[in-house]
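Please open the structure in the viewer and keep the selection panel at hand.

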Amino acid sequence: MEFIKVKTYAELSKRAADIILGQIRRKPDSVLGLATGSTPIGTYEELIRAYDDGRADFSKVRTVNLDEYCGLSEKDEQSYRCFMNTYLFDHINIDKANTNVPNGMAADPEEECRRYDAVISSAGGIDLQLLGIGVNGHIGFNEPSDKFTEGTHIVTLDERTRNSNSRFFKSLDEVPRKAVTVGIGTIMSSGKILLLANGESKKAIVEKAIYGEITPRVPASILQKHGDLTVIFSEE
Ligand code: GLP
């Protein structure tokens, strides 16, 4: 594991974007596992800047997002599909047909999970997985539980997660109770994992995840077992 501690969020974003750009240069048709949340926004801004400056070509890149709220359509501003379009896809030369986010509106959610797993395996798996971390140690929407999950599945969101994510909604009531997320098994099968965390509020959980006991009660702790994990933490 490589632990990179930086001072500012800007530095975190630059370091993360450089790693992603390096991956795309090495393999132009890379499959990127992408994350939402406030943490990767600066990284996405850096990727857009690289594209604007002619330093990056996303034309062959394929992406697979980690998760989506159940019951939100892509037109809903709080949906993760909308987030990805707004913060990244609408600003770079990626083919939207090559971008994947689980469908939170699927009539049969279990079928949607199987479809999403098939999308990931037919893409040949994820080359580089970008991750944020929830205050309770969740990755994607893999909440603390009794066992680590394998493939894509439906989760009931933890109250701490709903509270923390309510800042993006008009009220706590509007925060969906369920979500679809790729499993821990899928995340662990990625070639490389890049975990980003910034600020005091994430310090304790990052330490617990990276140096503490490996337990499904702290889902991110499983990352200790990955052979190519980079953690970038900013103090800001
Ligand atoms: C959501 C996402 C996670 C993300 C987490 C942290 O719950 N499902 O993938 O890591 O938020 O968000 P933030 O970066 O805003 O702290």
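The stops below begin at the ligand and end at a loop residue. Please bear in mind throughout that this is a predicted model.

Select the ligand and display the surface of the protein around it. The space that the ligand takes is the largest pocket.

**Second stop: the surrounding shell.**

Which ligand atom lies 2.8 Å from a polar side-chain atom of Asp-67? It is a nitrogen atom. Select Ser-38 next: one of its polar side-chain atoms is 2.6 Å from an oxygen atom of the ligand. The ligand taken alone exposes 390 Å², of which the protein buries 95%.

Now move the selection to Asp-127, in the loop that runs between α4 (109–122) and β6 (128–131). Show the side chain of Lys-27 as well: a polar contact of 2.8 Å joins it to the side chain of Asp-127. With the backbone displayed, the side chain of Asp-127 can be followed to the backbone nitrogen of Val-31, at 2.7 Å. To complete the view, select the residues that Asp-127 touches, leaving aside those up to four places away in sequence: Gln-23, Lys-27, Ser-30, Val-31, Ser-190, Gly-191 and Lys-192.

Conventions. Residues are numbered from 1 along each chain as its sequence is written. This is a predicted model: local features need pLDDT of at least 70, side-chain atom pairs count only at pLDDT 80 or more; totals for chains, interfaces and linings use all residues. Side-chain values use heavy atoms; hydrogens and water are left out. A polar contact is a pair of N or O atoms within 3.5 Å; within protein, one must be able to donate a hydrogen and the other to accept it, and residues adjacent in sequence count only if both atoms are side-chain atoms. Accessible areas come from the Shrake-Rupley method with a 1.4 Å probe; for residues, only the protein chains shown count as cover. On a 1 Å grid over the protein atoms alone, a cavity is a set of points where a 1.4 Å probe fits but cannot get out, and a pocket is an open set with protein on both sides within 12 Å along at least five of seven lines; lining residues have an atom within 4 Å of a point. A molecule sits in a cavity or pocket if more than half of its atoms lie within 2 Å of its grid points. Helices (H or I, at least four residues) and strands (E, at least two) are DSSP runs, numbered from the N terminus. Contact means heavy atoms within 4.5 Å.
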